[in-house]
Amino acid sequence: MARLKIDPDVQFIKELQEAGGESLKKCYQCATCSVICPLSPEENPFPRKEMIWAQWGLKDKLVNDIDIWLCHNCGECSDMCPRGASPGDVLAALRNMAYRSLAKPAVLGKWLSSAKYLPILFGIPALLYLIIWGFTTGLTIPSGTIEFAKVFPGDYTIDPVFGLVAVFVLFTFASAIGNLFSSFKASGYEPKEDGPSFWKALYDVIKEEIITHSKFQKCTSNAERYKGHLFLFYGFVALFIVTSIVAAGHWGGKLIGHPMHTPMSLANPIKWLANIGAVLLIAGLVLITRMRLNTDPSKSVSSYYDWYLLGVIWAIAITGIGSEILRLANVAALAYPMYYLHLISVFMLIAYLPWTKLAHLVYRTVALAYARQIGRKGLGE
């Protein structure tokens, strides 16, 4: 009988523990996690095998494992674990490590992995918009009606900056998705000849899972998680639609000589949608933040990745709403600095997106579609 040689990567185990999987050594392989998981496939279920691989330091097995993306970290396995090994946290930590390695440049993944690099991440957009403010008004507060374009002209500063950032993020995601597919194929996950095309599988995933968040509903341990994620998702959808309409109206209008102007009246339907999106963001943030604060630390621990993302989204929501209120109240001395902070927080969300936890919206969606293509489905599918 041929012998199987196992070459554990001790450094990988340490990195995994630092990324949020510090409890993995408590696991004694009772398989409760795989039995209780409402999403795990009956054949070759997770997360028990991932816990074994993690304890043994089998990096190659884990980084190419499609199942870490099928997990939605609902917390049921962690709640039921008799040893407090928190399998859900271990899989979340593996995804956190994947965010770092999939997207390039890797240095951004390193910066986003620790709070000590936060000043750099904040300082890049802070300095950029401070320079712009210095060029436009010499860092002074403009007089007259409050119009943020007086300090940050959309045509010459905001749109070009975020346009370049968007292109950078799209190319980064495209490269990262290619790396993700390569990792799956390296582990032998190949699409079935009689299976659906990737685009058909992707359409089905978006229609049946992403829009409805149906997988979250199967997890009964945490109802707030389902509601919070749904509110955040549709809050971002609403704000994305508003941003797209404003951009199309402005630049498309320029071509015909009638560009759309901002700020808009509160009676404008587009403004309604923007405010509804802001309210949904706040509602989702409250639910998710409360959930994380109330989580039993013996069963699950929120990582820096979790709090970084929550912090940035809170900053976007507070500074965005604050900018609008201060503008309507005509408090120029506070309105312009508040809008400056809003631009910084939006930059931090978008520019660093491929390396943050929010990137799972792209990576997990793609992985779920690929899983359908290869016939890797969870219970009830």
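On a 1 Å grid over the protein atoms alone, a pocket is an open set of points with protein on both sides within 12 Å along at least five of seven lines, whereas a cavity is a set of points where a 1.4 Å probe fits but cannot get out; lining residues have an atom within 4 Å of a point. Grid points are joined across faces, edges and corners, and a volume is the space filled by probe spheres set on the points. The model is predicted, and totals for linings use all residues, while local features need pLDDT of at least 70 and side-chain atom pairs count only at pLDDT 80 or more. Residues are numbered from 1 along each chain as its sequence is written, and side-chain values use heavy atoms, without hydrogens and water.

The second largest pocket has a volume of about 570 Å³. Its lining comprises 27 residues, with Glu15, Met97, Ala98, Arg100 and Ser101 nearest the centre. Helices (DSSP runs of H or I, at least four residues, numbered from the N terminus) that each supply at least two lining residues include α1 (10-21), α10 (154-186) and α15 (304-328). The greatest contribution to this lining, six residues, comes from α7. By class, the lining has 14 nonpolar, seven polar and six charged residues, where Ala, Val, Leu, Ile, Met, Phe, Trp, Tyr, Cys and Pro count as nonpolar, Asp, Glu, Lys and Arg as charged, and the others, Gly among them, as polar.

Five cavities of 30 Å³ or more are present. The largest cavity has a volume of about 100 Å³. Among the 14 residues lining the largest cavity, Cys37, Cys71, Asn73, Cys74 and Cys77 are closest to its centre. At least two residues of this lining come from each of α6 (76-80) and α7 (87-102).
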